[in-house]
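Good morning, and thank you for coming.

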Amino acid sequence: MTTLTFPDGFLWGTATSAYQIEGAWNEDGKGESIWDRFSHTPGKIRDGSTGDVACDHYHRWQEDIRLMRELGLKAYRFSISWPRVLPEGRGRVNQAGLDFYKRLVDGLLEAGIVPFITLYHWDLPQALQDEGGWPNRRTAEAFVEYADVVSRSLGDRVRHWITHNEPWCIAILGHQIGEHAPGHQNPREALLTAHHVLLSHGWAVPVLRRNSPEAEVGITLNYTHYMPASSGEPDIKQARWLDGWFNRWFFDPIFGRHYPADMTAAYQAGGLLPQGLDFVQPGDMEAMAAPLDFIGLNYYTREVCRVWGAADNKPQVVFAAPADQRTDMGWEVYPDGLYWLLSRVYFEYQAPKIYVTENGCSYSDGPDETGRIRDQRRIDYLAAHFAAAHRAIGNGVPLAGYFVWSLMDNFEWAHGFRQRFGLVWVDYATQQRLPKDSAWWYRDVIAANALTLPD
Ligand code: FCB
């Protein structure tokens, strides 16, 4: 047996987001969000489901905190629904919405669980979408108002703030690929969205610091590890391009390096930026590079890229992995990618502190006749990724915590309820929560602050 012990005080947690678990989509004065609108639009969600009820966490939050306590979680990352707090996106505050989050935070603190709040996990108020959404610079201003309202109310008790979750998804999945709300397919809108999301982050940082002076402030970026399929020049160039499109376009400006010049040139050559970066106003790049206390990283997989000799030079990705090394999402299990990510963000970007704010896997393993859920595949996935993180810590990477995605099965965006990422099984018909084997295994890791691996 090998035992890998983690640093004292390491924050083991789980993560969720508002739209994926809360339900209560139109209760107690909540406004409509772009995900309400999107999921109510036929054809957008693969199983035709919506987040109207989801895990009903809005009504079952006390039971969910009890569950977290049973698992011994040290920390819990969740997001706030912007339209629950500001139904029109700005202006009028819905006190009932704010009160819900106050009770949740107080409940967590009473249970000895550290709350990590994500302000934006994709559920933009529909009222702001109607004014143009993220491609409209005014949405960035509205976000600062929202950050101010929430942090004035919770800033005395919350010590960890994350402005945004995964700007790449907001920009690219929402506005270029169109798989996520608002479902647009317009690459220009995607670049404007990226800019305004990053800008709103930078503008919100000083507001959060003012309202919550004891707190750590950061942002969560997602990362895919791109590798060339061969040592041939076209494949290497392709991997570099994808890394720029997915990773560097977001990491570079946050760390004060402006948008990557090779990508700006590529977008310009492709006709996407006829006037260059005309949406960048004086002071924007400085604002979005506001010094942070930590960076949150979400990691799931790698992609191996090959250029098939496509005439249009479109990015092509091939999964090299056999089926048994992929999760139900089709994503390859590749723990080394987490090791490289942590190393890169520390050694190349010099992040002062890092949290893995999401890592996990979708497997459909459900209850057997006795009600037990033997999700050994999830245990194997997590153990391998924890070990990769431990290796990075050994090399000096300042990793301070790790949040498994997710506490429980939930509404997996365009996939609906078909993908199950939870440590805890949710029976959506009865809302019964049933911890899987992985949940009990995780409890033991947390209690020992160590991972034990067979030799
Ligand atoms: C991330 C999202 C999270 C969840 C996982 C599987 O991109 O932040 O909400 O959907 O993927």
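**Notes on a predicted model**

I begin with Q350, which counts as exposed at 60% relative accessibility; exposed means over 50% relative accessible area, buried under 20%, and partly exposed in between, with a 1.4 Å probe and protein chains only. The model is predicted, so to speak of a local feature requires pLDDT of at least 70 and side-chain atom pairs count only at pLDDT 80 or more, while totals for chains, interfaces and linings use all residues. Residues are numbered from 1 along each chain as its sequence is written, and side-chain values use heavy atoms, with hydrogens and water left out.

Let me stay with the backbone.

Most residues other than glycine have a negative phi, and most peptide bonds are trans. Q350 has a positive phi, near 60 degrees, and lies in the loop between α13 (335-348) and β9. Helices (H or I, at least four residues) and strands (E, at least two) are DSSP runs, numbered from the N terminus. Q431 also has a positive phi, of about 65 degrees, in the loop between β11 and β12 (432-435). Is Q431 buried or exposed? Q431 is buried, with a relative accessible area of 6%.

Which residues are joined by cis peptide bonds? Another joins W405 and S406, with omega about 10 degrees; S406 is found in the loop between β10 (399-405) and β11 (424-427).

I now turn to helix α9.

This helix covers residues 187-211, 25 residues in all, and reaches 36 Å from its first C-alpha to its last, close to the 36 Å expected. The expected span is 1.5 Å times one less than the number of residues. At the start of α9, a side-chain oxygen of N186 comes to within 3.1 Å of the backbone nitrogen of R188. Further along, a kink of about 30 degrees lies at A204, shortly before the proline P206; the bend at a residue is the angle between axes fitted to the seven residues ending there and the seven starting there. Of the 25 residues of α9, 19 are buried, and the helix is mostly covered.

In strand β9 (residues 354-359) we find T357, which is buried, with a relative accessible area of 0%. Its side chain makes a polar contact of 2.7 Å with that of N298.  A polar contact is a pair of N or O atoms within 3.5 Å; within protein, one must be able to donate a hydrogen and the other to accept it, and residues adjacent in sequence count only if both atoms are side-chain atoms.

Finally, the cavities.

How many cavities of 30 Å³ or more does the structure hold? There are 5. On a 1 Å grid over the protein atoms alone, a cavity is a set of points where a 1.4 Å probe fits but cannot get out, and lining residues have an atom within 4 Å of a point. The largest has about 70 Å³ of space, and its lining includes I34, W35, A181 and P182. Helix α8 gives the most to that lining, with 4 residues. By class, the lining has 9 nonpolar, 3 polar and no charged residues. The second largest cavity, of about 50 Å³, has a lining of 3 nonpolar, 3 polar and 5 charged residues.

Key:
1 Å grid on protein atoms, 1.4 Å probe; cavity = no way out; pocket = protein on both sides within 12 Å on 5 of 7 lines; lining within 4 Å. Points joined across faces, edges and corners; volume = space filled by probe spheres on them. Nonpolar A, V, L, I, M, F, W, Y, C, P; charged D, E, K, R; others polar.
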